[in-house]
Amino acid sequence: MPSKKALVRRPGPRLADGLVTHVERQTVDVDLAVEQWEAYVGTLRAHGWETIEVEPADDCPDAVFVEDTVVMYRNVALIARPGAESRRGETAGVEEAVARLGCSVNWIWEPGTLEGGDVLKVGDTVYVGRGGRTDAAGVRQLRAAFEPLGARVVAVPVSRVLHLKSAVTALPDGTVLGHIPHVDRPSLFPRFLSVPEESGAHIVLLGGDKLLMAASAPRTRELLTGLGHEVVPVDIGEFEKLEGCVTCLSVRLRELYA
């Protein structure tokens, strides 16, 4: 059977110092953020996911956004090289975690940069956001790692948000969700559904028709419920202040086999 494992990483004491690029800095309540993170992790577990806590990286304020450190394709883990230099210390603990799970480990090498939040997988198509944190060399290295395994890698421009998955994610049937003001080229996606809220573009597939979504997108929740999906809302408001969303708080490993 396919796996349902998720890497997560507890927020560190310096969370409030995390980077912001496309939003104004707001005060972050770290204690509340920890409560929200625990509820998020609990929701994954309640829907059948085994959560694996990566070793903390307390010197790295953004380390809770664990998705940016690695990209998974089948059983291959591609360790990222973050475009933000202050985040490069986050990858060692994640590399150790995926190696323990038996993944084949590859790396993005200098001068390339790539962050996992810029990678959206829809079946065997891998969309890679080419923007502020992921460069052309990073895209080429990802293509070299995954295309021999059967992936089709498509580079797409990202200029209006932090990462590709800050703009778009995908439903179980492959339809891409996006909030139009934040999507550079909606026409690049064969099936595209516009949603009314920024955070409505961010979903995690829990299994079946169940979708994890931020509580801050009630109109999108209504839209998707009307289309037959079961939406599970979580409050991640403190992380949204740091341009975080439901995808970046975990790395879902669906294709590891016992």
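How many nonpolar, polar and charged residues does the lining of the largest pocket have? In this predicted model, that lining has 15 nonpolar, 5 polar and 8 charged residues. The space in the largest pocket amounts to about 700 Å³. A total of 28 residues line the largest pocket, and those that lie nearest its centre are Lys-121, Val-122, Leu-205, Arg-252 and Arg-254. Five strands are listed as giving two or more residues to this lining, namely β3 (70-73), β6 (119-122), β9 (168-170), β12 (203-207) and β15 (251-253).

One of the residues nearest the centre of the largest pocket, Val-122, has Thr-125 of β7 as its bridge partner. The hairpin has 2 residues between its strands, and Gly-123 adopts a positive phi near 65° there.

In general, residues three or four places apart in an α-helix point the same way, because the helix has 3.6 residues a turn. At the start of the helix, the backbone nitrogen of Ala-137 has a side-chain oxygen of Asp-135 within 3.3 Å.

The second largest pocket has a volume of about 250 Å³. Its lining is made up of 14 residues, and Val-23, Glu-198, His-202, Glu-240 and Glu-243 are the closest to the pocket centre. By class, the lining of the second largest pocket divides into 4 nonpolar, 6 polar and 4 charged residues.

Glu-198, one of the residues closest to the centre of the second largest pocket, is found in the loop between β11 (192-194) and β12. Glu-198 counts as partly exposed because its relative accessibility is 41%, a value that falls between the 20% limit for buried residues and the 50% limit for exposed ones. Apart from residues up to four places away in sequence, Glu-198 touches His-179 and His-182. The C-alpha atom of Glu-198 is separated by 7.6 Å from that of Ala-167, although the two residues are 31 residues apart along the chain.

Terms used: Residues numbered from 1 in each chain as written. Predicted model: local features only at pLDDT ≥ 70, side-chain atom pairs only at ≥ 80, totals over all residues. Heavy atoms only, no water. 1 Å grid on protein atoms, 1.4 Å probe; cavity = no way out; pocket = protein on both sides within 12 Å on 5 of 7 lines; lining within 4 Å. Points joined across faces, edges and corners; volume = space filled by probe spheres on them. Helix = DSSP H or I, 4+ residues; strand = E, 2+ residues; numbered from the N terminus. Nonpolar A, V, L, I, M, F, W, Y, C, P; charged D, E, K, R; others polar. Polar contact = N/O pair within 3.5 Å; in protein donor to acceptor, adjacent residues only side chain to side chain. Buried < 20%, exposed > 50% of the residue type's maximum accessible area, 1.4 Å probe, protein only. Contact = heavy atoms within 4.5 Å. Pairing = 2+ DSSP bridges.
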